[in-house]
Amino acid sequence: DKLKSVLLAAGLPPNTQPTIQLAKIGNDSSLAYSELDIAVHLPNFIPDLSAKSQDTFRVAIDNVLRDGTPGTFTELLDRINYEVENNQVIHISIKKALMRSSESLRRLSRSLFDLPGTAPVKADLLLEPGKMTVVDVSDLDEESQRHVAIYLMSTLDQQKMQFKRAGRVVLVLDEAHKLFPK
C-alpha cells in the first residue's frame, strides 16, 4: 500500500513496477562531497549557529572558494578554519562557535561523506526515470539522519535548479518529525 501511494504521488499508475535500488548509508553507500554547492548548502548542515555566525561562516566559505573548490571535505574544512582563525575582524565568540561547528562538520564528513569502498549517492542517479531509490539510514543516529535528509534535499534542489528538470520527484522521509523537530 505504501508503494502504491508513493507511485500515485509521483504521478505513476499504481501497477507500475519501478526498478528499486537500495543505498544503505555507511554500509554500501555514502554522500558525495562533489554533489554539494558548497557556498549554498554547507551552512544548512549547521543550523544551530546564530544569524551573525551564519553570515560570518558564509563569508569565510566565499573567501575560501575564491581560490577554487578544495578537492576533499577535510581540505575544505581546513581552509575554512584557517580563514576564520586568521581573520582579525571576527569576534572571538563567533570564532569559537565556528570552530565548534567545523569540528561537527569534520565528524560528519568522517561518518557520511565519500567513505572508502562505498558508492556515492548522487542526484542524477536518484532522478533516473522509472527508478526508485530507498536511502536506508536506519543504522545512523538522529543527527546523521538529519544530515542525510538535508543532503538529499539540497542535491535534488540543486539538480532541479541547474538542469531545469521536468517531471516529479517524490522524497518520502519516514519519521520526518524526528528529523526536523519543531
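This is a predicted model: local features need pLDDT of at least 70, side-chain atom pairs count only at pLDDT 80 or more; totals for chains, interfaces and linings use all residues.
**The chain as a whole**

- Read from the N terminus, the order of the elements is α-β-β-α-α-α-α-β-α-β-α-α.
- Of the contacts with a separation of 6 or more, 71% are between residues 24 or more positions apart.

**Helices H4 and H5**

- Helix H4 covers residues 73-85 and helix H5 covers residues 92-112.
- The two helices pack with their axes 10 Å apart, at an angle of about 175°.
- H4 and H5 are therefore roughly antiparallel to each other, since an angle over 145 degrees counts as roughly antiparallel.
- On the H4 side, the residues that meet H5 are Phe 73, Thr 74, Leu 77, Asp 78, Asn 81, Val 84 and Glu 85.
- On the H5 side, the residues that meet H4 are Lys 95, Leu 98, Met 99, Ser 102, Leu 105, Arg 106 and Ser 109.
- Sorted by class, this contact has 6 nonpolar, 4 polar and 4 charged residues.

- Ser 109 belongs to helix H5.
- Ser 109 counts as buried because its relative accessibility is 7%, and the cut-off for buried is under 20%.
- Apart from neighbours within four places in sequence, Ser 109 is in contact with Phe 73, Thr 74 and Leu 115.
- Phe 73 and Thr 74 are also among the H4 residues listed in the contact with H5.
- Ile 94 is found in helix H5 as well.
- Ile 94 counts as buried because its relative accessibility is 12%.
- With residues up to four places away in sequence left out, Ile 94 touches Lys 52, Ser 53 and Thr 56.
- From C-alpha to C-alpha, Ile 94 and Leu 49 are 9.2 Å apart in space, while in sequence they are 45 residues apart.

**The second largest pocket**

- The second largest pocket holds about 250 Å³ of space.
- Its lining is made of 13 residues, and Phe 45, Ile 46, Pro 47, Asp 48 and Glu 143 are the ones nearest its centre.
- H5 and helix H7 (142-163) are the elements that give two or more residues to this lining.
- By class, the lining of the second largest pocket has 6 nonpolar, 3 polar and 4 charged residues.

**His 147 in H7**

- His 147 is a residue of helix H7.
- His 147 is buried, because its relative accessible area is 7%.
- Leu 108 is 39 residues from His 147 in sequence and 8.1 Å from His 147 in space, C-alpha to C-alpha.

**Residues in loops**

- Pro 43 is in the loop that joins helix H2 (38-41) and helix H3 (51-65).
- Pro 43 is buried, because its relative accessible area is 2%.
- Beyond neighbours within four places in sequence, the contacts of Pro 43 are Ile 38, Gln 54, Phe 57, Arg 58 and Ile 61.
- Pro 43 and Gln 54 are 11 residues apart in sequence, with 6.9 Å between their C-alpha atoms.
- Asp 114, the residue of the opening question, is in the loop between H5 and strand S3 (119-121).
- The phi angle of Asp 114 is near 50°, which is a positive value in a residue other than glycine.

**Ala 23 in strand S1**

- Ala 23 is located in strand S1, residues 19-24.
- Ala 23 is buried, because its relative accessible area is 7%.
- Leaving out neighbours within four places in sequence, Ala 23 is in contact with Asp 28, Ser 29, Val 121, Thr 133, Val 134, Val 135 and Asp 136.
- Ala 23 and Ala 119 are 96 residues apart in sequence and 8.3 Å apart in space, C-alpha to C-alpha.

Conventions: Residues are numbered from 1 along each chain as its sequence is written. Side-chain values use heavy atoms; hydrogens and water are left out. Axes are lines fitted to C-alpha atoms, for helices over the stretch in contact, and angles run from 0 to 180 degrees between N-to-C directions. Helices (H or I, at least four residues) and strands (E, at least two) are DSSP runs, numbered from the N terminus. Angles under 35 degrees count as roughly parallel, over 145 as roughly antiparallel, 65 to 115 as roughly perpendicular and the rest as oblique. Contact means heavy atoms within 4.5 Å. Ala, Val, Leu, Ile, Met, Phe, Trp, Tyr, Cys and Pro count as nonpolar, Asp, Glu, Lys and Arg as charged, and the others, Gly among them, as polar. Buried means under 20% relative accessible area, exposed over 50%, partly exposed in between (1.4 Å probe, protein chains only). On a 1 Å grid over the protein atoms alone, a cavity is a set of points where a 1.4 Å probe fits but cannot get out, and a pocket is an open set with protein on both sides within 12 Å along at least five of seven lines; lining residues have an atom within 4 Å of a point. Grid points are joined across faces, edges and corners, and a volume is the space filled by probe spheres set on the points.
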